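Reader: I would like to learn how to read the features of a model such as this one. Please take them one at a time.

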Amino acid sequence: MHRTRYRAAQFGGSADEVEVAFYEALHHGDLEQLMACWADEEDIVCVHPGGQRLVGHTAVRAAFEALLANGGVRVQPERARRIDAGGCSVHSVIERIEVMSDDGPAHAWVLATNVYAKTVHGWRMVAHHA
């Protein structure tokens with residue numbers, strides 16, 4: 001079994017569990033776990049704040065690899081709103097991100113939408129737009 005699929009299978013049976021694993025991977029700087037949260041399809045989409053639309057595993061992985069180059073990102077999803085429709089779950093969250101300022105740690109907030117689809121491997125992320 002492919003390593004990414006094995007690790008993703010450990011997340012369990014819900015979109016909520018994949019979302020928890022995604023944000024934990026960001027926090028710990030674990031690129032492999034983060035990519036295991038994504039669906040295997042090549043039409044996955046990611047937009048980082050102020051960034052361009054990234055389509056496909058290669059582009060999404062490269063962006064997160066650059067983001068995590070200096071370690072994890074302290075980001076916590078808050079006030080999630082969910083819309084579940086059969087094999088799709090859309091989560092609108094407010095991400096609280098810890099950033100370093102001249103005065104020490106500070107917080108920034110980003111609005112994000114995470115879309116999950118039920119795949120043959122269980123629930124996986126298909127879009128992240130922040």
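Author: Start with aromatic rings: those of Phe, Tyr and Trp (its six-membered ring) pair if their centres lie within 6.5 Å, and planes under 30 degrees apart count as stacked, over 60 as edge-to-face and the rest as tilted. In this model, ring pairs link Phe22, Tyr23, Trp38 and Phe64 into a cluster. The model is predicted, so local features need pLDDT of at least 70 and side-chain atom pairs count only at pLDDT 80 or more, while totals for chains, interfaces and linings use all residues. Residues are numbered from 1 along each chain as its sequence is written, and side-chain values use heavy atoms, with hydrogens and water left out.

Reader: How many aromatic pairs does the structure hold? What is the geometry of the pair of Phe22 and Phe64?

Author: A pair of aromatic rings is described by the distance of the centres and the angle of the planes. Three aromatic pairs occur in the structure. The one between Phe22 and Phe64 is edge-to-face, at 6.0 Å centre to centre with 90° between the planes. It links distant parts of the chain, since Phe22 is in helix H2 and Phe64 in helix H4, 42 residues apart. Helices (H or I, at least four residues) and strands (E, at least two) are DSSP runs, numbered from the N terminus.

Reader: Why does the pair of Trp38 and Phe64 count as tilted?

Author: The ring centres of Trp38 and Phe64 are 6.4 Å apart and the planes are at 50°, so this pair is tilted. Trp38 sits in the loop between helix H3 (31-36) and strand S1 (45-47), and Phe64 in helix H4, so the pair ties together parts that are 26 residues apart in sequence.

Reader: Are Trp38 and Phe64 buried or exposed?

Author: Buried means under 20% relative accessible area, exposed over 50%, and partly exposed in between (1.4 Å probe, protein chains only). Trp38 counts as buried because its relative accessibility is 1%. Phe64 is buried as well, because its relative accessibility is 1%. Cys46, in strand S1, is buried with a relative accessible area of 0%. Ala62, which lies in helix H4, is partly exposed at 41%.

Reader: In what order do the six strands form the sheet?

Author: Two strands pair if DSSP finds at least two bridges between them. The six strands here form an open sheet in the order S2-S1-S6-S5-S4-S3, with mixed pairing. Strand S2 (53-55) and S3 are the edge strands, each pairing on one side only. From one strand to the next the twist averages 30° (axes are lines fitted to C-alpha atoms, for helices over the stretch in contact, and angles run from 0 to 180 degrees between N-to-C directions).

Reader: Over how many bridges do S3 and S4 pair?

Author: S3 and S4 pair over nine bridges in the antiparallel sense. Val75 stands opposite Ile97 in S4, and Asp84 has Ser89 in S4 as its bridge partner. The hairpin of S3 and S4 has two residues between the strands, and in it Gly86 takes a positive phi near 65°.

Reader: What volume does the largest pocket have, and which residues lie nearest its centre?

Author: On a 1 Å grid over the protein atoms alone, a cavity is a set of points where a 1.4 Å probe fits but cannot get out, and a pocket is an open set with protein on both sides within 12 Å along at least five of seven lines; lining residues have an atom within 4 Å of a point. Grid points are joined across faces, edges and corners, and a volume is the space filled by probe spheres set on the points. The largest pocket holds about 280 Å³. Its lining has 17 residues, and His48, Pro49, Leu67, Val73 and Ile97 lie nearest the centre. Helix H2 (15-28), helix H4 (57-67) and strand S4 (88-101) each supply at least two residues of that lining.

Reader: Which element gives the largest share of the lining of the second largest pocket?

Author: H2 gives the largest share, five residues. That pocket has a volume of about 200 Å³, and its lining includes Glu19, Tyr23, Val75 and His107. By class, the lining of the second largest pocket has four nonpolar, three polar and five charged residues, whereas that of the largest pocket has eleven nonpolar, three polar and three charged. Here Ala, Val, Leu, Ile, Met, Phe, Trp, Tyr, Cys and Pro count as nonpolar, Asp, Glu, Lys and Arg as charged, and the others, Gly among them, as polar.
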